[in-house]
Amino acid sequence: MIHPAPFTRAGSGLSRDELEALRPHVVNLRDGRLATSADGEGEFYTTAEDIAKIFDKHLPAFVEKNGGRPVPIVLYAHGGLTPETNGLRTAHRQVQWWLDNGAYPVHFVWETGLHDALADALAGWLAPTTRGWLSDARDEILETVARIGQGKRLWDAMKDDAKAACADGGGGIVFADALGSYITDHPDTVTVHAVGHSAGSIFHAHLLPTLLDAGVERVETVSLLAPAMHTDLFTQALLPALENQRIGDLAMFTMTREAELDDTCGGIYGKSLLYLVSASFEPETDAPILGLEASVRGDPTLSHLFFDDGRSATAVWSPVSAGPRDSSTARSHGAFDDDAPTMDSVARRILDSDDIRSFPAPRGVEHPAERTSRTAPVAVQTWSAGSTRKALCIGIDRYPRPTDQLAGCVADAREWAAAFRDVGFDVAELHDGQADREGILRALIELVSGGTAGDLLVVQYAGHGSNVDDLDDDESAGVDPDDDRDEALCPVDFRDGELLIDDDLGRVWDLLPSGVDLTLFFDSCHSGSANRGLAEADVSAAHRNTPPDTRPRYVVLDDATQAKYRKLRGAASEALERPDRELLFSACRAAEFAYETAGHGDFTVKAAPLVAAAVGSVTNREYLDRILDGFGARQSPEIHGAQELYDKTFLRSAGSNGRVIAPPIVATNGHNQVQAVAAFLRATADLLDPR
């Protein structure tokens, strides 16, 4: 087969000849399957015939050249969410060194195709806030962004790709069968060893059991470099093979707790990326990650395994010089596979010899990792620096599907915006196409995380609402056993599964700094407690029983939309247990519809004009009473939140004494914050593998 491998400096930077030289040493996977030329993507391809040639031609020739002595086969897996180009460069940098040391390397380039998506997502999300980005809360802000934005869903997809490689049709299965057959036909000619960097440990957690089932009797050594795998995956997938001596020796090279905390991501996230994985990418927050010292010490089984002498597992806590096979000077998460003491220690363990050719010092990045032209620009500040009263007003009429479209939500957002400006708020607005899920959450996070004590924040939303299956069981765990669905706001892209559920909003509200007040005004269905019983028949009846210019702001999610939602959400997150810090004025009760009539929401028509007279003069409960006075019977606005908030003065912060405070007009540059966020993006775009 002819393999298209054009000379290019825009991709890996490797020439055609350099790429062809890698063919006996690279298995390229895409979505877990062999990345064949039929895929039409990338610059390097692997077919089943290529894998057959490794064992029919290339490996036998190397064994013969080695004088008949058993040849170590080194199976290397790079970090996850890294593009094909970076995986190829890693292989190019290492292959000849392994060969010079008498080992035969096979690099699994298992890019998920998500590198650009991650960079795009983070670039779109991480906007500088008016205040607070460089404060003590910055790590919490970034962890929330990563969890409710694209970060967790991309991490879930990466883990799915690792699993798919060793499922039916996966490229890992093809390789394992070929290796198992070779070992059966050529006993005592090779030994098998595995090296996994960062999320490469997750890949090996699936590959190594597959190898052992395919005729590989034993994996002699396993070397995990800063492993990003959940400890549960390690104990389920690899520990049994270690205890049964089907894995001969396991070594983990990772940083001490102090070094992990001293590591940074672009100078913005104040810890190593393993902490971001722990906080944001696994189903539970503060998930135990194998490469974190605190996780190992906190697990009796792992602590016994890695800290007791005489065991078959070793932990090398970098930076440390502890002999030729137990040294590492890596001081950042991505440094291990470029760190000579680390790689030399790994090689000595694999070769069972201290007499090796040392790993070459890195020569710098000859061809920087390609950057997608699609990466979204870093956003500028939405509210003026120094604003103490800020509002975000959202209205969506022009949903892509004609049957979903509304007629009064943008008008509502503009009416609320005018009412808030009249009482001194600095207002930002999102209308229609601006109000996709990422756009809304980006603005919410900027609003909330930028507050300081004494600030007063407002969020208004007019658009469709709905509800969706609860994936993490936090609804049924509440006080109402029948409350088993998540409430959802419907951004303009909700038909793509991009729903904004109550759990998402709760994580944003949890970013509220102490002393900051947040009040919400939602003119949509399902803006209160969870709904039960509304279905398509209810919506149809609501349309039939109202005038032609009246319609409910509710959609029943069809199966396709719900399937997209479940796919995007990935593994369910842990249930939230959080106090209410925000006060919500909702347009209707849970089992009611919020209506719009003649180009405005019924709730907005009554509530927005009452703002000016109510600010600083009545309580929140009294403001609701004014809305309810003469409102009508078909929907009943409510307030939700902690009881003590009901009797607080309406739209008055704790430090304002009832005065209406106009926001100061302050010219802003934001350059330094934009530069800082850009640095974070550069460091995080190659998530868990900078090359």
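The legends below describe close-up views of a predicted model. Local features require pLDDT of at least 70 and side-chain atom pairs count only at pLDDT 80 or more, whereas totals for chains, interfaces and linings use all residues. Residues are numbered from 1 along each chain as its sequence is written, and side-chain values use heavy atoms, with hydrogens and water left out.

**Figure 1. Overview of the protein chain.** The chain holds 25 helices and 20 strands; these are DSSP runs numbered from the N terminus, with helices (H or I) of at least four residues and strands (E) of at least two. Of the 691 residues, 59% are buried, a term that denotes under 20% relative accessible area, with exposed meaning over 50% and partly exposed in between (1.4 Å probe, protein chains only). Contact means heavy atoms within 4.5 Å. Among contacts between residues at least 6 apart in sequence, 77% join residues at least 24 apart.

**Figure 2. The aromatic pair Phe-234 and Phe-306.** A search of the whole structure finds 26 aromatic pairs. The ring centres of Phe-234 and Phe-306 are 6.2 Å apart and the planes meet at 35 degrees, so this pair is tilted. Rings of Phe, Tyr and Trp (its six-membered ring) pair if their centres lie within 6.5 Å; planes under 30 degrees apart count as stacked, over 60 as edge-to-face and the rest as tilted. Because Phe-234 belongs to helix α9 (residues 231-237) and Phe-306 to helix α14 (residues 300-307), the pair ties together parts that are 72 residues apart in sequence. Both Phe-234 and Phe-306 are buried.

Figure 3. Phe-593 and Tyr-595 form an edge-to-face pair, with 6.1 Å from centre to centre and 70 degrees between the planes. Phe-593 is buried at 8% relative accessibility, and Tyr-595 is buried with a relative accessible area of 8%. Arg-634 lies over the face of Tyr-595, at 4.4 Å from the ring centre. A charge sits over a ring if NZ of Lys or CZ of Arg is within 6 Å of the ring centre and within 35 degrees of the ring normal. Elsewhere, the charged end of Arg-23 sits over the ring of Phe-44, 4.4 Å from its centre. One aromatic cluster is formed by Trp-416, Phe-420, Phe-425, Phe-521, Phe-585, Phe-603, Tyr-623 and Phe-650.

Figure 4. Strand β4 (residues 104-109) is mostly covered, with six of its six residues buried. In a regular strand the side chains alternate between the two faces of the sheet. On one side of β4, Tyr-104, Val-106 and Phe-108 are buried, and on the other, Pro-105, His-107 and Val-109 are buried. Strand β1 (residues 26-30) runs parallel to β4 and is joined to it by three bridges, with Val-27 as the bridge partner of Phe-108. Strand β3 (residues 71-77) also pairs with β4 in the parallel sense, over five bridges; here Tyr-76 has His-107 as its bridge partner. Two strands pair if DSSP finds at least two bridges between them.

Figure 5. Three strands in the order β12-β13-β14 form an open sheet with antiparallel pairing. Its edge strands, β12 (465-469) and β14 (500-501), each pair on one side only. Five bridges join β12 to the antiparallel strand β13 (residues 485-489), and Ser-466 has Ala-488 of β13 as its bridge partner. Helix α20 (residues 559-569) lies across β12, β13 and β14, running at about 65 degrees to β12. Axes are lines fitted to C-alpha atoms, for helices over the stretch in contact, and angles run from 0 to 180 degrees between N-to-C directions.

Figure 6. Arg-153 is found in helix α6 (residues 151-164) and is buried, with a relative accessible area of 12%. Not counting residues up to four places away in sequence, Arg-153 touches Arg-437, Glu-498 and Leu-568. Helix α18 (residues 502-509) is largely enclosed by the rest of the structure, because seven of its eight residues are buried. Among them are Asp-503, Asp-504, Arg-507 and Trp-509.

**Figure 7. Cysteine residues.** The structure holds zero disulfides, a disulfide being a pair of cysteine sulfur atoms within 2.5 Å. The closest cysteine sulfur to that of Cys-525 belongs to Cys-588, at 4.9 Å, too far for a bond. Cys-525 is buried at 0% relative accessibility, and Cys-409 is likewise buried at 0%.
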